[in-house]
Amino acid sequence: MTAGEPILVGRAVSRRFGGLVAVNAVDLEVREGEIFGLIGPNGAGKTTLFRLLSGVYGPSSGSITLRGKEIGGRPAHAVNAMGIATTHQIVRPFAEMPVEKNVLVGVVYGRSRLRGRAADAEVDRLLELTELAPDRATLGRSLTLARRKRLEVARAVATRPDVLLLDEVAAGLNPTESARMVELIRKIRASGVTIVMVEHVMKAIMSLSDRIMVMDLGRKIALGKPAEIANDPVVIKAYLGERAVAS
Amino acid sequence: MTSVVQRFSKRTLVIGQITLVLVVAIAIALIPIVDERSFNLQRITFFLLWYAILASSWNMIGGYAGQISFGHAAFLGMGAYATGILWSQLKWDPLVSIPVAGLVAALYAVMVGVPTLRLRGPYFAIATIGVGEATRLLAVNFDDIFGVTLTHGVTGLALPNYDPVTVHYATVLVFVLVMLTTMWIRAGRFGLGLFAINMDRDAAETAGVPTARLQVVALAISAFFAASAGGLYAARQQFLDPASMFGFDKSIALVLMPVVGGLGTVWGPVFGAVLYSTVQDQISSLVRNPYLPALIYGVLLVVIVIFEPLGIAGLLGRGTKYARALLMPKDGEP
C-alpha cells in the first residue's frame, strides 16, 4: 500500500510528570492510510505518547496536529470528534452494559451522527465486523479477554475515526485469537482508516506495520520498515543490551 | 436474543411507563374532587409526590451518572426560598415563581457543577457536602451579609396564604413532568452517555462522550426539579426555615430514597419515596418515640440493600418478566 500525505504529525512532543520526562521531544509523522507501528521496551513512553495523541493528556510542550489542526490540549472527546479514536491498553468496557450498548455509545457520540434505527443498523454492522454478534447481549464484565479487546476496537471504530490508535490489542491473546485480531486490523485499514499501533506481540506488529517507530526512555531511537528495524543495532541494544549487539 | 428487554418492543415499554405515571397522577388529582374535605389524604399524597419528585431529581445525577450528591438540599432550599421571596416581596403567584425558582437553582447548579463535577467518586460527594452547608449558611446569614431583609435568617420566612388545592394540582403536574423527563433521559442518547460516565468516565470520554457537559446538564435538570419541589413546599406550608429546607438530613433523605428504591431505575426513587414518607408520616403518628421511625427506616434500608442491590424496584421486578422489563431495565437500556 502506498502511503499518502502526512495526517497525524507530532513536533517535539514532550510530556513531563514532575521530574520524569515520559516523552522527550518526539517527532512523528503518520501518513494517511498506513499502519504505523510503535514499539519499545517497557517504560519507553509508548502509552504516554498514545495518551497525548488521543487527548487524554495534554503535551507539556510541542505540537500535535491532525490534518494541520492542533489537537494538543483539547479534551479527549473533542479529539475524538476531530477524528482520532483510541483503545485502552487495560481494557475498559462499560461493565454493566451489554456489548451492543457499549458499541452504541461510540456510534451515537461519535462522528457518524446516526440516531435511532440507523444507529442500531450501524451497531449490527460493527458487531459483524468484529465478530461480536453472538455476544451482543452479554454484559461487558462477562466477556473473555479476547472479546473485550474486540469490544475496545468496535467501540473505537464506532466513532468513525480517521486515525485509530490501538494500544496492545493483541497482548494476552493466544495465537489463534491474535491472528484473528491481525485480520480485523487489516480489514479496518482497508476501509480507509489510518492505524497507529503499540504492540509487544512482534509477529503481529512486524507483519502488519508499513513503518515502525522505536522508542526508548521517552525518545525516538529509530524509524523504518519492519525489516530495517529488526536489524538496527540501536534497536537491538535497547531491547537486549550492549553484548547482544557485539556478538 | 437473551436480553429481557428485547422481548418487549421499546414502544410497548414506553407506553406502559407513561400509562403508569398517568394512572398514578390522575388518581391523586381526583382526591380533592371526590372529597373536598379529604385534608389528611391530600397532605399525605402531597408529601408522597413531593418526596418522589425530590428522589427522582436526585436520581438523574446520582443514579444515572453515578455522581453521588450529598448537598441536594441546597437546590431544594434555594427553590423554596426563591419562590417564597418572589411571592412575598414581588407578589408573583407561586405558579409563576416556581419555574423561575427552578431556573435560578439550575443556574446555581451550573455554577457549582462546573468545578465540582471534575472531581471523582468520593471527592465529588465530599464537595457537595460543602456546597450544601455553604448554601445553608448563606440562607441563614443572607440578610446580615447583604443588609437587606429577605430570608429572615434562623427565624424563618412566613409567607401569605395560598390555596392548597392549587398546590395539589401543581404537585401532580410537576410529578408527571419529572417522570417524563427521567424516562426521556433514560431511554435516549443522553441517558446512555450518563450511564457510560457512571461506568467508566475516561472510557466514555475517549468514545466521544462530552462527559463534563453531560454531567453539568444532568445536574442542572436535577436542580430544576429539586427546586420546584422546594417551591411547592413553600406554597403549601407557607413557612420556611433554613434548618428544615437546607438541612443535611434532607440531603441524606434524598440519597437514601433512590438507593432503597432502586438506584438508576425510573421507578425506584418513587418506591423509595413511598417507603420513606410512609415510615416518616404514618409511623410517627402511631408511635410516640421520635427516634423509632428513623430506626425502622434504617433497618429496612440495610435489609433491602443486602438482599437486592437494585432496591425495591429490583424486588418487585423479580415477579414477572414484563414487570422486570418495566421496572428495572438494565443500565443503558430503555
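Predicted model: local features only at pLDDT ≥ 70, side-chain atom pairs only at ≥ 80, totals over all residues.
How many residues of chain B are in contact with chain A, and how many of chain A with chain B?

Residues are numbered from 1 along each chain as its sequence is written, and chains are lettered from A and ligands numbered from 1 in the order in which they are written.

**View 1. Where chain B meets chain A.** Here 23 residues of chain B are in contact with 25 residues of chain A (contact: C-beta atoms, placed from the backbone, within 7 Å). Helix H7 (189-199) and helix H8 (201-206) of chain B each give two or more residues to the chain B side (helices, H or I, have at least four residues and strands, E, at least two; both are DSSP runs numbered from the N terminus). H7(B) supplies the largest share, six residues.

**View 2. An open sheet in chain A.** Six strands line up as E6-E7-E8-E3-E9-E10 (chain A), with mixed pairing (two strands pair if DSSP finds at least two bridges between them). At the edges, E6 (84-86) and E10 (219-224) of chain A each pair on one side only.

**View 3. The E6-E7 pair of chain A.** E6(A) runs parallel to strand E7 (residues 163-167) of chain A, and three bridges join them. Look for Thr86(A), whose bridge partner in E7(A) is Leu165(A).

Technical notes. Contact = placed C-beta atoms within 7 Å.
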